Amino acid sequence: MRQGKNSVSSIRRTMAGADGDDSLYPIAVLIDELRNEDVQLRLNSIKKLSTIALALGVERTRTELLPFLTDTIYDEDEVLLALAEQLGNFTMLVGGPEYVHCLLPPLESLATVEETVVRDKAVESLRKISHEHSPVDLEVHFEPLVKRLASGDWFTSRTSACGLFSVCYPRVSSTVKAEIRQHFRNLCSDDTPMVRRAAASKLGEFAKVLELDYVKSDIISLFTALASDEQDSVRLLAVEACVSIATLLPQEDLETLVMPTLRQAAEDKSWRVRYMVADKFSELQKAVGPEITKNDLVPAFQNLLKDCEAEVRAAAANKVKEFCENLPEDSRETIIMTHILPCVKELVSDTNQHVKSALASVIMGLSTILGKDNTIEHLLPLFLAQLKDECPEVRLNIISNLDCVNEVIGIRQLSQSLLPAIVELAEDAKWRVRLAIIEYMPLLAGQLGVEFFDEKLNSLCMAWLVDHVYAIREAATCNLTKLVEKFGAEWAQNTIVPKVLGMANDPNYLHRMTTLFCINALSEACGQEITTKHMLPVVLKMSNDQVANVRFNVAKSLQKIGPVLDSNSLQTEVKPVLEKLAADQDIDVKYFAQEAISVLALA
Amino acid sequence: SRDFAVGFNFHSHPNSADVISTVEFSQSGEFLATGDKGGRVVIFQREPQGEYNVYSTFQSHDPEFDYLKSLEIEEKINKIRWLPQLHSALFLLTTNDKTIKLWKVSERDKQPEGYNLKDEEGRVKDISKITSLQVPVLRPMDLLVEASPRRVFSNAHAYHINSISINSDCETYLSADDLRINLWNLSITDRSFNIVDLKPDNMEDLTEVITVAEFHPHHCHLLAFSSSTGTTRLCDMRSRALCDQHAKLFEEAVDPASRSFFSELISSVSDVKFSHSGRYLLTRDYLSAKVWDLNMEKKPVETYQVHDYLRSKLCTLYESDCIFDKFECAWNGTDSVIMTGAYNNFFRMFDRASRRDVTLEASREVCKRRAVLRPRRVCIGRKRRESDICVDSLDFRKKVLHTAWHPTDNIIAIAARNNLYIFQDRHSPSGHHGMNVNELDIF
C-alpha cells in the first residue's frame, strides 16, 4: 500500500483532539516510512534513524529496530549506504559502549552486500565502532564477526574482512592474534581475484599493526606471493603495499626482503604493473632511502623513462622533478646530469604527445635543482624545443611553469622563443587552447614587464576582445582587469581604455557590448577619475543604441559602476538616463533600468 | 563407439516475433539465459530432477531512437554473458547493438509487516487508539525473484556491438563492435578504454571488420578476436595499452586455385571460443569449424566440415542472404566434443578423438513424440536410406545459429527461431528420466 502525503495530513487532522499520544505521531510516520515504496521517503526516514531510536529508547532499539534493520538489505544502494553510515554513530542510542556489539549484526549484513560503496561504508562504520568495544567485547563479539566474514561463502564478505583485521589485531590476545594472521594469509591466496585484490590493498595497513618479526616472516612472504600473482590487477596492488612495508623495515633488511620484489615489479611483463611502479616512484624512493635509490632506483627510473609503453613513460615523466628533488644532495647533480638528463632529452622528442606534455609540466622545475649555468647550457635548449612543439598542450605546460625558470635565469633568455609560441597559441583554432593561454597572460605580463608587454602582447589581448567565441571575450575582459591591477590605472588610461572605448562605435553589437563588459570589470581598478571622465560618457551615449540588449546592458553597467561615481554625476548624469531607460519600449530594458534605480537609490 | 544419448525439455515462446538471439549457460550450469529479438531475457533454473524451468523473465532492452543520427536502435539482445557467481544474487551482462547492461537477479523471501498508522490492508487506523510505537518485523513470504538493472554502459560504440566477454580478473570486460574493442571496468559506466581500433582514416579503405571477440578463460591479459577476412588474432594486453598490434595471427593459407567470388564471404569467422583448458581456439566459418592450437598459427590442428554439400549452393545462399548467417560454436565441458549449428534445424557434433560426427535435428515433432533423437544424414543425389534428406530439400529458413553446452555436464541448449531445445545425455550421472524426458541416440 502506498502511504501518500495526503493520507498523512488527513491523519494529522483527525489526530487533533484525539486521545492518542500526540508526540508519538511524527515518529510513527518516520517508522512507517522506513518501508514506504518511495525510495526518497525511505532515505529520509533512514537519515532520521537516530530520532526513531531516541523515541524507542535503548532497549527497544536493541531488540526491535536493529533486528529489523539487519534484514533490510534488499533496499536500494543509497538507502543502505545511509544506513551503514548512521550505524557508525549509533553507540549511545543502543545504550553506550557496553551494548555497542548490538550494532554488529546489521553492519555485518551490510558488509556482505554486492555493492562496493555500501560494503566500504559498512566496514568504515565497523572500524569506527571497534574502538568503542572493550577488550573483552572485542574478543567475544567483534573478532568472531571478522572471522565469520573472513570465511564467508561469498567474496563480498571476505573482501570486507580484509579491512577489519588491522583494527582488532592490536587489541586481542596472542592466540587470537595468531588466528587473525592465519585468516589474513588465507585471504591472500583466495580463489577469487577480488578477495586477493582486497587483501593486497590492505597488506600495508595490516603490516603496520604487526610485530616486526611477523612483518619479516608473514607479511614478506605474502607480499612476495601477491607480487607474483597470475592476475595483473593483484600484482599492481602489491606495489602500493611495497611502500608501507619498506617504511616499516630496518634499512639492512630492505635489500633482501623487499628489493628483489620491487625490481621484479619494475620489470614486470605487464605495463600496468610498471605503470604503478612509475606512479608510486617518489613514495618508493622515500621508503627505501638514499643508498638503495642511488644503486637501484636510478637505473630502474631510467628504464621506466625509456619504457616501450607510452602510458608508463608518461607516468615516469611526471615524476622527473620529484625524483630529482629527492635524490641525496651529495650526488644529486651528478646523477641528474649523467643518468636522468639524457633520458629527458629523448622524451622531449617522444612520439607520444601525452608523454611530452607530462614532461613539459615538470621539466621547468629542474632548473632550480640544477642552477643557472646548467639550466642555460642543458635545459634551455629543451625548453625552447618544447615551446616549438607541434602539440599545444606541451607549449602551454611550458608557459604555465615559466615562473620556476624566471627565478633561476630570468625570462629574457626565453623571450625570443616565447613570443612566437604565445602568438601561435593565441591564434590556435581550438578555443579551449586560446582560453588556456589567456589565463596565463597576467603571469606572463608580470614576468616579462610592462615594456615587453606593450610592445608584443597588448595587441593580442585586444584581439581576444573581439573573438567570435563568447568564453574567450569574457576571459579577455577578466584578463584586462588583472593587467590593470598589475600595471596600474595610469597604464590603463594610456593603453587599454582608449581601445576599449573605441569599440563602442563598432558596427557589431556584440563588440559594443564587450565595451560595456570591460567597463564593468575595469571601473573599480581604474578609479573614480577615469571612470567619470572617460567611461561614463561612453556608457551614457550608448543608452541610445538601437539594440535592446545593448541598452539593458547600459542599465546594468550603470548599476555596476554607480558606486565608483560621485553623487553629483549620479544625480545629474546617471539618473536622467536611467529614468529614460525605465520608460523604454523593451520590457527587459525597463526591468534592468528600474533595478539599477532602486539599487543606486535614485528613486 | 560411444553411445551418446540425450533427453530433453523444450521451451517455446508462443509469439513468432520472439526469435531467440542468444543462449548462454551460467558458469555453474545451474542457470541458462536466453535473449530474444524483443529485448527480453529469460532465465531458466535447473531443477533437482535435471529439467530447466523458467526462473525469471525480464525486459532488458527497449527500442530506442538515436536522434543525432536518425537511426532506430533495435532492442534485440545480441549477447548475454554471466558473471562468475560470487554472491547469492546472479549477475549477467546483456547487450543490444549499442548499450550494455549489468543485471542483478536476486531472491527475496521475507517482507516487512506492521504499520503504526494503518493496518495491513492499508486502512487508516484510529489514531486515538495508538498509544505505542510499533517497529515492523520481517515475515516469510512466497519466493520472489527480482531482476534489477545495476549499471548501464552506453555511448561507447559507434558501430553495432557483436561481442561482450568478461575477463578472468572479474573486474573488467570487453565489448566489441565492427571496428573497435573497448575495455570496461564492471563498476564504472562513464569511461571505457579503446584497445583495438581497425577504423581506417578513410572509410573507403575499409577491408575488414571485427566479427567476434573473447577473453582467455584464465590469462587476464589475453584476448582473441576474429574478422571478416577469416583471421583470428590473439592480443597480449600486458605489452601495450593499445592492442592494435597482435601477438599472434591465426590464418590458414587459401589455395589460390580454389578462389572464387564467395571465398572471402565464406571464410568470415562467425564465432570464436577458447577451450575450457585455454589451450585451443574453436572458430566457425560458413562451411566449417576449426580448432587451433594457440602455439600454431599457420594452420588449424583440426578442421571439421559442417555442411560441405552447400558448396554448390553458394549462389542461392548468397541471393537469399543466408551466406551472411552467423553460426555459433561450442565446446563440451572436457573439450573433447565440439558442437555447431546448421540449416534445416540440424546441428552437428564432432568427437575430436574418434573423429566421429553426427547430425541431429531439433524439431517440435521429435519432441512431441518424446522419441530418441535419430542421427540425420544429408545426401547428394539419390537417397541411400529412407531417413536421408536430400540437399535440395533442406529448408534454409530453419537454422540453428545459437547453441550452448553446459560447462560440465552433457546438457546442450539449441535455439531454433523461437524454440529452445534442451537435450541431456541419458548416461550423464545427473541425468534423470523424468516423465517428459526422452532418450535420443546420437552416435
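**Close-up views of the predicted model**

View 1. Ala278(A) is buried, at a relative accessible area of 0% (buried means under 20%, with a 1.4 Å probe and protein chains only). Contacts, meaning heavy atoms within 4.5 Å, link Ala278(A) to Leu304(A), Val312(A), Ala315(A), Ala316(A) and Lys319(A), leaving aside residues up to four places away in sequence. Between Ala278(A) and Ala315(A), 37 residues apart in sequence, the C-alpha to C-alpha distance is 5.7 Å.

**View 2. The largest nonpolar core.** A nonpolar core is a set of buried Ala, Val, Leu, Ile, Met, Phe, Trp, Tyr and Cys residues joined through side-chain atoms within 4.5 Å. The largest has 235 residues, and those touching the most other members include Val320(A), Ile340(A) and Trp464(A). Helix α18 (residues 281-305) of chain A gives this core its largest share, 11 residues. Beyond residues up to four places away in sequence, Val320(A) touches several residues, among them Phe301(A), Ile340(A) and Leu366(A). A second, separate core of 30 residues includes Ile266(B), Val306(B), Val378(B) and Leu401(B).

**View 3. Confidence along chain B.** The mean pLDDT (the predictor's confidence in each residue, from 0 to 100) of chain B is 88, and 91% of its residues reach 70 or more. Over residues 1-8 of chain B the pLDDT is below 50, and this stretch has 50 contacts in the model beyond near neighbours in sequence.

**Notes.** Residues are numbered from 1 along each chain as its sequence is written, and chains are lettered from A in the order in which they are written. Local features need pLDDT of at least 70, and side-chain atom pairs count only at pLDDT 80 or more, whereas totals for chains, interfaces and linings use all residues; side-chain values use heavy atoms, without hydrogens and water.

Technical notes. Buried < 20%, exposed > 50% of the residue type's maximum accessible area, 1.4 Å probe, protein only. Helix = DSSP H or I, 4+ residues; strand = E, 2+ residues; numbered from the N terminus.
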